[in-house]
Amino acid sequence: MNLEHLISISVELDPPALLGTFPVGERRLITFTSGTFVGRDGLRGTLAPGGVDWQVVRADGAIEIRAHYLLRTDDGDPIEIVSDGLRIASPEVAERMASGEIVDPAEYYFRTHVRINTSSTRWDRLNRIIAVASGERGAHGVVIHVSELT
């Protein structure tokens, strides 16, 4: 089993909506405002409006990520992304990220499992892969580097 880079997705985010403390932890909702993506084999385009990330901030400080959003290729093809994972940082690093500081991704863990679906005949092979991603948290967004498990 190997990893092959598939796509990088840049996402601009609204500030988190704090929904309160649930039994599993603090619940947050983050909406995606815009974005772009570029990948191999000419895969490129923009992020469609309406994407969201439902997060749970656990008692141990880890953040559970459940993101669901739509990419639209430059040719208009829809590509649905469903991503589940974790972001883990020390309290000091988490505080720096929350203040808007750009933090080296080596200082925290940001990994997701990614499922991809599309109605596109050109990109149909994406329906049959498993992917994983690493993320980088910026001041107002994230960059997700998605790799296909081959």
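The side chains of D60 and R58 meet in a salt bridge with an N to O distance of 2.9 Å, a salt bridge being a side-chain nitrogen of Lys or Arg within 4 Å of a carboxyl oxygen of Asp or Glu. D60 is exposed, at a relative accessible area of 56%, whereas R58 is partly exposed at 26%; here buried means under 20% relative accessible area, exposed means over 50%, and partly exposed lies in between, with a 1.4 Å probe and protein chains only.

The model is a predicted one, in which local features need pLDDT of at least 70 and side-chain atom pairs count only at pLDDT 80 or more, while totals for chains, interfaces and linings use all residues. Residues are numbered from 1 along each chain as its sequence is written, and side-chain values use heavy atoms, with hydrogens and water left out.

## Salt bridges

By the rule given above, the count comes to 13 salt bridges. The table lists some of them.

| Pair | Distance, N to O |
|---|---|
| D60 and R58 | 2.9 Å |
| R96 and E107 | 2.9 Å |
| R40 and E4 | 3.4 Å |

The side chains of R96 and E107 form one of these salt bridges. This pair links distant parts of the chain, since R96 is in helix α1 (residues 91-98) and E107 is in the loop between α1 and β8 (109-118), 11 residues apart. Helices (H or I, at least four residues) and strands (E, at least two) are DSSP runs, numbered from the N terminus. R96 counts as partly exposed at 27% relative accessibility, and E107 is likewise partly exposed, at 38%.

R40 and E4 also meet through their side chains in a salt bridge. Because R40 lies in the loop between β3 (25-39) and β4 (44-47) while E4 belongs to strand β1, the pair ties together parts that are 36 residues apart in sequence. E4 is partly exposed, with a relative accessible area of 37%. Both residues belong to a network of salt bridges that links E4, R40, D41, R125 and E148.

## Strand β1 and its partners

Strand β1 pairs with strand β10 (residues 141-149) in the antiparallel sense over 9 bridges, where two strands count as paired if DSSP finds at least two bridges between them. β1 also pairs with β3, again in the antiparallel sense, over 7 bridges. In the pairing with β3, the bridge partner of L13 is F32, and in β10 the residue opposite S8 is H145.

S8 has its place in strand β1, which spans residues 3-13. S8 is buried, with a relative accessible area of 16%. The side chain of S8 is joined to that of H5 by a polar contact of 3.0 Å, a polar contact being a pair of N or O atoms within 3.5 Å, where within protein one must be able to donate a hydrogen and the other to accept it, and residues adjacent in sequence count only if both atoms are side-chain atoms. Leaving aside residues up to four places away in sequence, S8 touches T36, F37, V38, I144 and H145, with contact meaning heavy atoms within 4.5 Å.

S10 lies in strand β1 as well, but S10 counts as partly exposed, at 33% relative accessibility. With residues up to four places away in sequence again not counted, S10 touches S34, G35, T36, V142 and V143. S10 and T118 are 108 residues apart in sequence, and their C-alpha atoms are 19 Å apart in space.

## From β3 through β5 to β6

β3 and β5 run antiparallel and are joined by 6 bridges, with R27 standing opposite V56 in β5. β5 is in turn joined by 6 bridges to strand β6 (residues 63-73), and these two strands also run antiparallel. V56 has E64 as its bridge partner in β6. The hairpin of β5 and β6 has 5 residues between the strands, and in this hairpin G61 takes a positive phi near 90 degrees.

W54 is in strand β5, which covers residues 52-57, and at 39% relative accessibility W54 counts as partly exposed. Together with L19, F22 and V24, W54 forms a nonpolar patch on the surface, with about 370 Å² of accessible area together. Patches are made of residues with over 30% relative accessible area and no salt bridge, with like charges joined within 9 Å and nonpolar side chains (Val, Leu, Ile, Met, Phe, Trp, Tyr) within 5 Å; accessible areas come from the Shrake-Rupley method with a 1.4 Å probe, and for residues only the protein chains shown count as cover.
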